[in-house]
Amino acid sequence: MFSLNGSTFTNNSLCGVSRCLTQSSRRVSAPMVVAAVNSNSKPGDRNVMANALTENALTESPAPVELETKSTITGGVGDVYGEDSATEDQSITPWVLSVASGYSLLRNPHYNKGLAFTERERDSHYLRGLLPPGVVNHDIQVKKMMNSIRQYDVPLQRYMAMMDLQEMNERLFYKLLIENVEELLPIVYTPTVGEACQKYGSIFRRPQGLFISLKEKGKIHEVLKNWPEKKIQVIVVTDGERILGLGDLGCQGMGIPVGKLSLYTALGGIRPSACLPVTIDVGTNNENLLNDEFYIGLRRRRATGQEYAELLDEFMYAVKQNYGEKVLIQFEDFANHNAFDLLAKYGTSHLVFNDDIQGTASVVLAGLMAALNLVGGTLAEHTFLFLGAGEAGTGIAELIALEMSKQTGIPLEETRKKIWMVDSKGLIVKSRMEMLQHFKRPWAHDHEPVRELVNAVKSIKPTVLIGSSGAGRTFTKEVVQAMATFNEKPIIFALSNPTSQSECTAEEAYTWSEGQAIFASGSPFAPVEYNGKVYASGQANNAYIFPGFGLGLIISGAIRVHDDMLLAASEALAEQVSQENFEKGLIYPPFSNIRKISAHIAAKVAAKAYELGLATRLPEPKDLVAYAESCMYSPAYRSYR
């Protein structure tokens, strides 16, 4: 047995080749193995390494096998390895030549620089003739790609162009995204990623993460080892059951982990090689997908109960076994009935984070804390009404109640009474307690039943209205006008994604409230002009929080997530809203500063980890903001010699 670049080749794999060479009339040696050349190798090293490894392969291989070549391929070359005669029952082992120079280098997204390879690099890495003679720097490449992407009118086409670029030139992709984040964020993530997931089977070109299905049950540990990167720091995992507000998209939900991790790198500075997107495929209950000839997942109804729990349990412990105690596992777009249970089950044994429950809560709390600068008062002096009592709504409500309790010293049970919720059956009240799911029960207060949202608004008279229902256009004109009658500046958050599912648009909020509303949404909206004044709405996008939050966990070596870390992240984000932003009616800072914002959030989260005794990277750095910035990945090109 011998090892090349971390991959192990045994006699079994060589026998996999020889098994297909069944009939013999002449003798050939076992396949020659060519190793990958390190990008720091000198030009002449390639042949030396190949010769040495060939010699080792011949020495350690089985005895030569007899082979009759019955068929030939184009050009009359003998079918030495049996490709022409291979069948499903009699397979071959494909040997891949992986050399970090020449043609292969141009196909390697981690190292490819395209026309930015210098004259010296073209000589030393066998690139002469493989590229046009012009040398183009990184900045010109960015300008050219943005010009190209802007030629597409359809957002999904832009999304596909960005994904192609990520697979072709990783550093150019991230530089492009970082320098044009406000323009490209809606393309690589919400709202366009929702359409991409819906059509994922049709646009699927190449895998970008690990697909772990029920077929892999019992061998997930080995499946994780198939991923080429070994030092993983962040995993984003989904089972595709509740993708944004679009429902069960099954295996096609992979677009969400891929998109989230792109933002972890671009906005939070986590190295791309340290990120692993995972989709757990347990089937789908979406009949359209099950009948779609292009669907790429398991064609069966969703697994539930013990079958589901065992697969997730195996995955969670295989991750810990492969990558250690400090790998961050982010749950994404799981349905309510699983999301809360998974967070509670693994929160004490793993470093886990649910962005839909905790990330959304943190970013919304930050927006509310910033909005107090415009409306006055403290959180405890406001009354909150939610439309939607799922994982997002109840997660936001709990974090608001925690912050109020922290600020006032009032018990959590009391601060919860300032928060009311409406679900599909109306206002959540104590008379419904027996029929409520466990995560809704803390929000059942004494009140007569109310069926319609507008009547709940008129009865409760909230100062803050938050939509997390996943149901579009539910903040009607009557609802918004009611909010404006008893609030000088009503705070209205329409958080559901994608844009089609938003509870109301920015234009509706400003127009129906006659310009009084302080509005934020989950998906982006263009500025609105009303009565001669331009209103720029904020976007309560989780991308403000989770990249910096994850970076803070990593730089501190945190082993668990604590609620106080989420509060620290909210406070850090709220601090980044400037007076200039407030004058424009904004309650979130511009995304153009997101890397600095993420570093600030990371520092506050890391500081809280050290304070709580949950950090393992000791000693604590003196300047955590500077330390966070120094740890962030830069997409600048490296010089290859």
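**Exercise 1.** Determine whether Phe519 is buried or exposed in this predicted model.

*Solution.* The relative accessibility of Phe519 is 1%. A residue counts as buried under 20%. Phe519 is therefore buried.

**Exercise 2.** Classify Phe525 by its relative accessible area.

*Solution.* The value for Phe525 is 21%. Buried requires a value under 20%, and exposed requires one over 50%. Since 21% lies in between, Phe525 is partly exposed.

**Exercise 3.** Describe the geometry of the ring pair formed by Phe173 and Tyr174.

*Solution.* A pair of aromatic rings is described by the distance of the centres and the angle of the planes. For Phe173 and Tyr174, the centres are 4.8 Å apart, and the planes meet at 80 degrees. Planes over 60 degrees apart count as edge-to-face, so this pair of Phe173 and Tyr174 is edge-to-face. Both partners are buried: Phe173 has a relative accessibility of 0%, and Tyr174 has a relative accessible area of 4%.

**Exercise 4.** State how Phe519 and Phe525 are arranged, and which aromatic cluster they belong to.

*Solution.* The ring centres of Phe519 and Phe525 are separated by 6.4 Å, with 55 degrees between the planes. This aromatic pair is tilted. Together with Tyr510 and Tyr535, Phe519 and Phe525 form one aromatic cluster.

**Exercise 5.** Identify the ring over which the charged end of Arg416 sits.

*Solution.* The charged end of Arg416 lies 5.8 Å from the centre of the ring of Trp443 and sits over that ring.

Definitions and conventions
Residues numbered from 1 in each chain as written. Predicted model: local features only at pLDDT ≥ 70, side-chain atom pairs only at ≥ 80, totals over all residues. Heavy atoms only, no water. Phe/Tyr/Trp six-rings, centres within 6.5 Å; stacked < 30°, edge-to-face > 60°. Buried < 20%, exposed > 50% of the residue type's maximum accessible area, 1.4 Å probe, protein only. Lys NZ or Arg CZ within 6 Å of the ring centre and 35° of its normal.
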